[in-house]
Every structure is written in structure tokens, then in C-alpha cells.
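Take a look at the sequence and the fold, then read on.

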Amino acid sequence: MTIKLKKQTTEILKVLKKKGADVSAEDLASELKIDYIVLMSAINDLIYCDLGGFKEEEIYQISLNEEGMNYLKNGLPERQLLNILLENNIKEISIDDLLKRSNFERNIFYISISNMKKNRWAAQSKASGENKIYLISEQFPKTQIERFLQKFEPNPIIDYSRISKDELKQVNVLNKRKLIKRIRKTQRTIYLTEKGKKIPISKIKELKQISKITPEMLSSRTWKNYELKPFDVTKPGPLLKAGKIHPLINLINEIREIFLSMGFIEIRGPIIESAFYNFDALFQPQDHPARELQDTFYLNNPEVAKLPEKDRVLAVKKTHENGGDSGSLGWGYKWDENIAKKTLLRPHTTATTMRRLAQFYRNKEKVPVKVFCVDRVFRNEKLDKSHLAEFTQVEGIVIDDNANLCELIGLLSEFYRKMGFKKIITKPGFFPYTEPSMQVSVYYDKLDEWLEMGGSGIFRPEVTYPWGIKEPTRVLAWGQGLERIAMPYYERTDIRDFYINPIKWLREQSYLK
Ligand code: PHE
């Protein structure tokens with residue numbers, strides 16, 4: 001049987017046969033004066049014909065850094081100091097004087113002094129009233145560390161495996177003195193299989209393979225003389241480092257598409273909100289810790305917010321004081337307009353939802369109304385791997401006659417199903433503005449875990465009646481954390497990654513989404 005190989009692959013096979021032993025890929029490439037990549041592609045051809053292969057091994061090496069190289073050339077700084085003393089026949093000298101003569105930086109100078117003392121070359125004393133250095137030896141043989149340093153002269157890179165136990169101590173000293181670099185790399189060793197060792201070169205025919213056909217080849221018909229290299233579409237192409245849309249924006253756009261496809265319309269609202277829309281309209285009592293519960297950032301500037309039409313403010317006021325016409329008893333306290341005028345950075349997009357209810361009232365709209373909002377919110381939170389102080393909520397409402405919990409669960413399930421989460425679970429929850437309230441979690445199969453995504457519920461009559469939304473018309477509402485969704489979606493375990501932007505991860509992102 002004959003085997004067809006490219007000319008260069010045959011050459012490499014010849015060299016390997018001659019050597020009769022395994023060789024490191026790097027050595028082989030430099031010996032043959034070819035590119036490492038060219039060599040490995042030839043080895044791939046050998047693997048394909050079962051003639052050879054390669055093994056991979058992690059190797060650890062050390063080399064001197066720039067400072068280390070400098071000392072290899074000029075001697076360690078303690079030796080340089082010593083030489084200054086010997087050359088000038090100095091037996092004692094003040095520290096300041098020696099510092100000046102050495103031209104060393106302060107920290108290197110003091111390290112050198114301390115090493116001179118350690119080597120028992122010199123002693124330091126203030127006995128004369130001055131801080132002085134005294135030579136205390138006649139002979140100054142090479143120290144262990146100096147002898148070890150010398151090893152780098154013939155070979156600038158030393159394999160860890162070739163370092164003896166004793167020498168390891170010197171490596172530690174050099175490391176502490178920050179004079180070495182550690183190198184970790186994967187070494188490939190090339191070998192021949194039994195078949196590769198046995199096959200006579202005469203059995204190998206030249207493979208003329210091309211990966212491109214030129215117009216000349218076509219017109220002269222010479223392309224017929226070649227074999228065409230098959231495309232391997234499973235091999236990754238070269239990494240393209242160009243700008244692309246941020247993963248979070250891609251996700252937001254996908255969420256938009258999903259809600260739009262389900263018949264929803266997008267709404268936006270101001271980031272600087274009034275306490276009125278953020279809390280009062282949501283039936284949160286003015287003295288209730290719920291207002292602090294969300295760790296709201298209140299603002300000094302602008303100091304007061306504009307409230308909506310007087311009669312609606314009055315309707316909200318009455319609901320708080322005695323329930324208004326909602327059938328509730330209200331909270332039974334005196335409602336204060338000034339508290340409602342406070343300004344804040346919205347801690348949830350439910351404030352924007354409330355503005356939509358106000359608009360519904362103003363325009364005397366008809367049901368059903370289906371809207372969603374994907375926007376930024378702010379909370380005074382400590383940052384950690386699952387909390388941000390600035391994040392994004394995916395909010396939505398449906399205003400419809402006889403809207404019910406079953407529909408709400410159906411809607412959320414459908415949304416998450418389209419996002420790729422097959423199962424959701426809803427559990428009883430609490431929000432001051434919904435009754436019943438539900439916590440929404442999705443099943444994340446990769447980790448076999450339920451992940452909490454946000455809240456939902458049906459707005460209480462106290463929330464909807466002031467805006468003319470009365471039984472049997474109800475409002476289904478939800479607010480989910482976008483970054484919470486993004487974590488399993490992009491398989492990130494730290495929520496801060498979406499804002500810290502690890503460059504490696506961003507580069508791995510697809511251009512196509
Ligand atoms: N506003 C709630 C939050 O920020 C979410 C929510 C919205 C709950 C609508 C119920 C209804 O967590």
C-alpha cells in the first residue's frame with residue numbers, strides 16, 4: 001500500500017525516522033527552520049495517516065527578568081558595593097557616603113547592605129557616633145546565590161525539573177528578590193507510531209494538494225493535476241477582534257423581540273422619579289419602612305417633583321387615608337403631599353408602570369393594554385457577585401377584564417420558554433401593591449438549580465381604583481431582574497461581569513446575535 005504525503009511532511013517524517021527518538025516540537029521546528037504552525041500541520045497529516053502523533057506536557061521554567069539579567073552581567077548589588085570598597089581600599093565608611101558613591105536607589109542600597117551583612121562581609125555600627133559600615137573579612141568567595149545566578153549564563157531559561165533541592169533554595173531567594181520570571185508552557189513531543197517507524201520512504205508518494213483554485217489553473221486546466229484539500233468546518237477560524245454589540249444589549253433586544261411578538265408595546269419612564277409614582281400610587285404608606293426597604297437614593301436636586309392632576313392626587317390621598325372608593329379601609333393616617341413630592345432615583349420600573357396607568361385614565365383607554373419596559377433602576381446595595389447598585393428590570397403589565405393569576409403564570413412561562421428556560425415555578429411572595437403576589441424562579445438545567453428572577457402579582461384595588469381601573473378590570477404586573485436572567489443565559493457566575501466587562505469573555509461573544 002502506498003501513502004500520499006505532502007513533500008514537507010515526508011521531509012519531516014525522514015528526519016524523525018533518522019532521529020529514532022521523540023523530539024520536542026519546538027526543537028524540531030527550529031532545527032528544520034520552519035514555522036511551528038507549519039510543523040504541527042504536517043504532524044496532523046502524520047496523525048491522519050496513523051504514522052505519528054504528539055504528547056502534551058506542562059512544563060515549568062524560570063528565567064531572569066531585566067533586573068536579574070543586569071546583575072548577571074554586573075554582579076549582584078552587594079558584590080558591586082563590595083567592589084567599590086575594595087577598589088578604593090576602604091575599610092570603613094559612613095552609610096551616607098557609601099550610598100552616594102554607589103549611585104544605587106535607596107531600596108536597592110539597603111538590600112545590598114543587608115546582604116553584605118548576611119554574607120559576613122561587613123558589619124554596621126553607630127559606635128563612632130556615625131552610622132558606619134566596616135569590612136570584617138579578608139576573603140569574599142562567591143556565595144551560593146552568585147554561583148546559582150551563573151547558571152543562567154549558558155542557558156537563559158532553566159527547566160524546573162533540572163533544579164536540585166539545594167538549588168531550589170536559591171530559586172526562592174531570587175524569587176523573593178524579584179529577579180526571576182516563572183514560565184509555564186505546554187510542551188509537545190513528537191513521536192512516530194510503529195507504522196511510522198516501519199514504513200519505507202520509497203512507499204510514500206508525493207501528495208500535491210491545493211486549498212485554492214486560481215483563474216490560471218482553471219484556464220490551463222492544471223487544477224486537474226492536484227488533489228483538493230477538503231474544508232474542515234469544525235476547526236475554529238482565527239479570532240477576529242472587532243467591535244460588537246455588548247451581550248447585555250443583545251439580550252435586551254431579544255427580550256424586546258419576545259414581548260413584541262407576544263403583542264406588547266414598549267414603554268419608558270424617567271429615571272428621576274417622584275415618591276408619588278414610586279411609592280404613594282403603589283399604596284405604600286408614607287411612614288412605612290417599605291420606603292427605605294428598597295434602599296432608595298433620594299435626591300436633593302431637583303428638590304420637588306411635579307404631581308399629576310389634582311383630582312388624581314386627591315384620589316390617591318383618599319385611598320391612603322380611608323380607602324377611597326376601592327372598598328379598602330386605607331391606612332388611616334393623614335397623607336402628606338410634600339412627602340409625595342420627594343425626588344429619587346427610581347428603585348424599580350413599577351414607577352413607570354404607574355405612569356402608564358395614569359395615562360390609561362387620562363386617555364380613557366380601552367382594554368386590553370399590554371406594555372413592557374426594560375430599563376435601569378438604582379438601589380443602595382452592597383455590590384457582590386449577585387447584587388448590583390445599578391441594574392435593569394424587565395417590567396410589564398396587562399390591563400384586561402377578568403385578568404387572572406393563571407394568565408399571569410402563563411405569560412411568564414411563555415416569556416421564559418422563549419428565553420430558553422423550560423420550567424418556571426411561582427411561589428407566594430409579598431409586595432405592598434399586589435395581591436396575590438408571586439416570586440418567580442426558573443429552572444436552570446446546567447446547574448440543576450432554581451434561580452430567582454423577580455416578583456409579580458395582581459395590583460390591589462387600592463392601586464388601580466384611583467386610575468379608574470375597577471372590577472372586573474384588573475392589572476397583572478411583574479418585574480424581573482435582567483442581569484439575573486443574563487447570568488444563566490451567558491453562563492456567568494458573577495453579576496458584576498456585565499459591567500466590569502472581562503475583555504476575554506467579550507471577545508468570545510458571537511457577532512451574529
Ligand atoms: N417592583 C418589584 C421589585 O422591584 C417587582 C414587581 C413588579 C412585583 C410588579 C410585583 C409586581 O422587585
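Q: Is Thr350 buried or exposed in this predicted model?
A: The model is predicted. Thr350 sits in helix α17, residues 350-362. The cut-off for buried is under 20% relative accessible area. Thr350 has 5% relative accessibility, so Thr350 counts as buried.

Q: Which residues does Gln170 contact, leaving aside neighbours within four places in sequence?
A: Gln170 belongs to helix α9, residues 165-176. Its relative accessible area is 9%, so Gln170 is buried. With neighbours within four places in sequence set aside, the contacts of Gln170 are Gln144, Ile145 and Phe148.

Q: Why are the buried residues of α6 on the same side of the helix?
A: The buried residues of α6 (95-102) are Ile95, Leu98, Leu99 and Ser102. They lie on the same side of α6 because the arc they cover around the axis is only 105°.

Q: Which residues are exposed on the other side of α6?
A: The buried residues of α6 have cover from elements including α5 (77-87), β4 (92-94), α7 (106-118), β5 (122-125) and β6 (132-135). Just after α6, Asn103 takes a positive phi of about 60°. On the other side of α6, the exposed residues are Asp96 and Lys100.

Q: Which strands stand at the edges of the open sheet of four strands?
A: The strand order is β2-β8-β3-β7, with antiparallel pairing. An edge strand here has a single partner, so one of its sides is left without a neighbour in the sheet. That describes β2 (23-24) and β7 (157-159).

Q: Which residue in β7 stands opposite Gln61?
A: Strand β3, residues 52-64, pairs with β7 over three bridges in the antiparallel sense. Opposite Gln61 stands Asp159.

Q: At about what angle to β3 does helix α3 run?
A: Helix α3 covers residues 36-48. It lies across β3 and β8 (180-192). Its angle to β3 is about 150°.

Q: Which residues have the most contacts inside the largest nonpolar core?
A: The largest nonpolar core has 42 residues. A second, separate core has 29 residues, including Val313, Leu357, Phe360 and Val371. Inside the largest core, the residues with the most contacts are Ile255 and Tyr416.

Q: What is the omega of the cis peptide bond between Glu435 and Pro436?
A: Pro436 is placed in strand β19, residues 434-444. Another cis peptide bond joins Asn301 and Pro302, with omega about 0°. Pro302 is in the loop between β14 (297-298) and α15 (310-322). For Glu435 and Pro436, omega is about -5°.

Q: Is Phe283 buried or exposed?
A: Phe283 lies in the loop between α13 (275-278) and α14 (290-293). Its phi is near 60°, positive in a residue other than glycine. At 2% relative accessibility, Phe283 counts as buried.

Q: What is the phi of Asn402?
A: Asn402 is in the loop between β17 (390-401) and α18 (405-419). With 45% relative accessibility, Asn402 counts as partly exposed. Asn402 is not a glycine, yet its phi is positive, at about 55°.

Methods. Residues numbered from 1 in each chain as written. Predicted model: local features only at pLDDT ≥ 70, side-chain atom pairs only at ≥ 80, totals over all residues. Heavy atoms only, no water. Buried < 20%, exposed > 50% of the residue type's maximum accessible area, 1.4 Å probe, protein only. Helix = DSSP H or I, 4+ residues; strand = E, 2+ residues; numbered from the N terminus. Arc of directions from axis to C-beta. Contact = heavy atoms within 4.5 Å. Pairing = 2+ DSSP bridges. Axes fitted to C-alpha atoms, helices over the stretch in contact; angles between N-to-C directions. Core = buried A, V, L, I, M, F, W, Y, C linked by side-chain atoms within 4.5 Å.
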